[in-house]
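Dear colleague,

Please find the structure below. I would be grateful if you would read the notes that follow with the structure open beside them.

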Amino acid sequence: MGRPKQFDPDAAVERAMDVFWRKGYAATTPQDLVDALGIGKGSLYNTFGSKHALFERALRRYRDSQAVALIEMLEETGPVKERLRAALWLLVEMDLADPDRRGCMAVNTAAELAGTDEVATDLVRRMFDRTEEAFSALVEKGQRAGEIDSGRDARAVGSLLLTTVVGLRLMARVAEGPERLSRVIDATVDSL
C-alpha cells in the first residue's frame, strides 16, 4: 500500500501554472517545479506523469480561470462598445499591474510552442476560437442594437478583435505605460 499524497494536486497545478506562465515551457525545469510545488521529483512524476502533462493541466487551468474572465465580461449587459472598451482595458490594466509582466499564458504559449507542440497548439487554438466567437457574438449584439454598422462581417470583426487582444497582451509585456495601449483600444473601439 502506497503512502497517501502529502500535497494537494489542484494547488500544485495552480502553482505550476504560475511558473510556466512566468518562465515559459522550455525554460521551466523540473527543479523549478519541484521548488515551486514543495514536493519531491518522485511525487511530481508519480502524480503528473511528466513535465509536459503538468504543463497541459496548467494551460487548461489558465483557460478555465483567466481566459474565461474576458468572455464573461463581454457577456455582461450594457452598451456593447462600453463593454468592449472595459474588457480591453481590464486586460491592459492586469498586464501593466503584474510586476513580472507575464502577459497572457495562451499568447505566450502560441509564440513559444505553436507548430512544435501539437497538444499545446490545439489548446491555445481552442482558447482563441472561443474568445473570437465571444467577440463575434458581441459585435452581432451591437449590430442588432444599432451601435455597430450592420454591414460589417461580425466574424471578421471578431477576428480583428482577437488579433487586437493578442497584440495588446504582447505590447503590454514591454510597455513603459498605458499610452500606446490606450491609443490601440480607442482606435479599435472607435473603428466599429
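The model is predicted: local features need pLDDT of at least 70, side-chain atom pairs count only at pLDDT 80 or more, and totals for chains, interfaces and linings use all residues. Residues are numbered from 1 along each chain as its sequence is written, and side-chain values use heavy atoms, with hydrogens and water left out.

Helix α1 covers residues 9–23 (helices are DSSP runs of H or I, at least four residues, numbered from the N terminus). Its buried residues include Val13, Ala16 and Phe20, where buried means under 20% relative accessible area with a 1.4 Å probe, protein chains only. The buried residues of α1 pack against α2, α3, α4 and α6; contact here means heavy atoms within 4.5 Å.

Leucine 37 lies in helix α2 and is buried, with a relative accessible area of 4%. Leaving aside neighbours within four places in sequence, leucine 37 touches Ala12, Arg15, Ala16, Leu44, Phe48 and Leu54.

Helices α5 (residues 80–97) and α7 (residues 118–144) cross at roughly 150°, the angle being taken from 0 to 180 degrees between N-to-C directions of lines fitted to C-alpha atoms over the stretch in contact. The two are therefore roughly antiparallel (over 145 degrees). In this pair, Val80, Arg83 and Leu84 of α5 meet Phe135, Leu138, Lys141 and Gly142 of α7.

Yours sincerely

Conventions:
Parallel < 35°, antiparallel > 145°, perpendicular 65-115°, else oblique. Expected span 1.5 Å × (residues − 1). Buried < 20%, exposed > 50% of the residue type's maximum accessible area, 1.4 Å probe, protein only.
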